[in-house]
Amino acid sequence: WAIDDHDNANMLLDRYFTTTGRNADAMVLIGRICLDENNWQRALALTSWATVAAPGNVNAQFSLGAVFLSAGQPALAKACFRKAIALEPDHGESLMALAIIYATVEPRNLKDAKEFYEKAVAAGQPRDAAFEAVVK
């Protein structure tokens, strides 16, 4: 089996989900790998399925937001990141993602960007001098 044998890889992935059921954490992990490999369609399917299988899974909500952002859908991404924050108010990754969206996506909202950035830093995300220069 060759690493670039996509048909075999798809078959193995289908077999995995058939035997393990709806393991949201596994779907999120594989979805993130797919996103890293620029396969956002498969990432979208996996992370969407994960949010259905485990609606309270913060990582699933965040990952679905990351997929939507990569697919050029910032409004859908914002909704996912907000759901993650509703589940876990100090979810630093979601707070930072919202800060970045508000700072970079038109219409920009630097007030909200700065607010989410400060919350993200308070939640443990590292400071970013370049970002701070944008929202000052």
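## Cysteines

Cys-80 is buried, because its relative accessibility is 5%. Buried means under 20% relative accessible area, exposed over 50%, and partly exposed in between, with a 1.4 Å probe and protein chains only. Cys-34 also counts as buried, at 8% relative accessibility. The structure holds zero disulfides, a disulfide being a pair of cysteine sulfur atoms within 2.5 Å.

## Basis of the model

This is a predicted model, in which local features need pLDDT of at least 70, side-chain atom pairs count only at pLDDT 80 or more, and totals for chains, interfaces and linings use all residues. Residues are numbered from 1 along each chain as its sequence is written, and side-chain values use heavy atoms, with hydrogens and water left out.

## Fold

The chain has eight helices and zero strands. Its elements run α-α-α-α-α-α-α-α from the N terminus. Helices (H or I, at least four residues) and strands (E, at least two) are DSSP runs, numbered from the N terminus.

## Ser-63

Ser-63 lies in helix 4, which spans residues 58–70. Ser-63 is buried, because its relative accessibility is 2%. Leaving out residues up to four places away in sequence, Ser-63 touches Val-28, Arg-32 and Thr-47. Contact means heavy atoms within 4.5 Å.

## Whole chain

The chain has 136 residues, and 37% of them count as buried. Among contacts with a separation of 6 or more, 44% join residues 24 or more positions apart.

The accessible surface is about 7900 Å². Carbon and sulfur atoms account for 56% of that surface. Accessible areas come from the Shrake-Rupley method with a 1.4 Å probe; for residues, only the protein chains shown count as cover.
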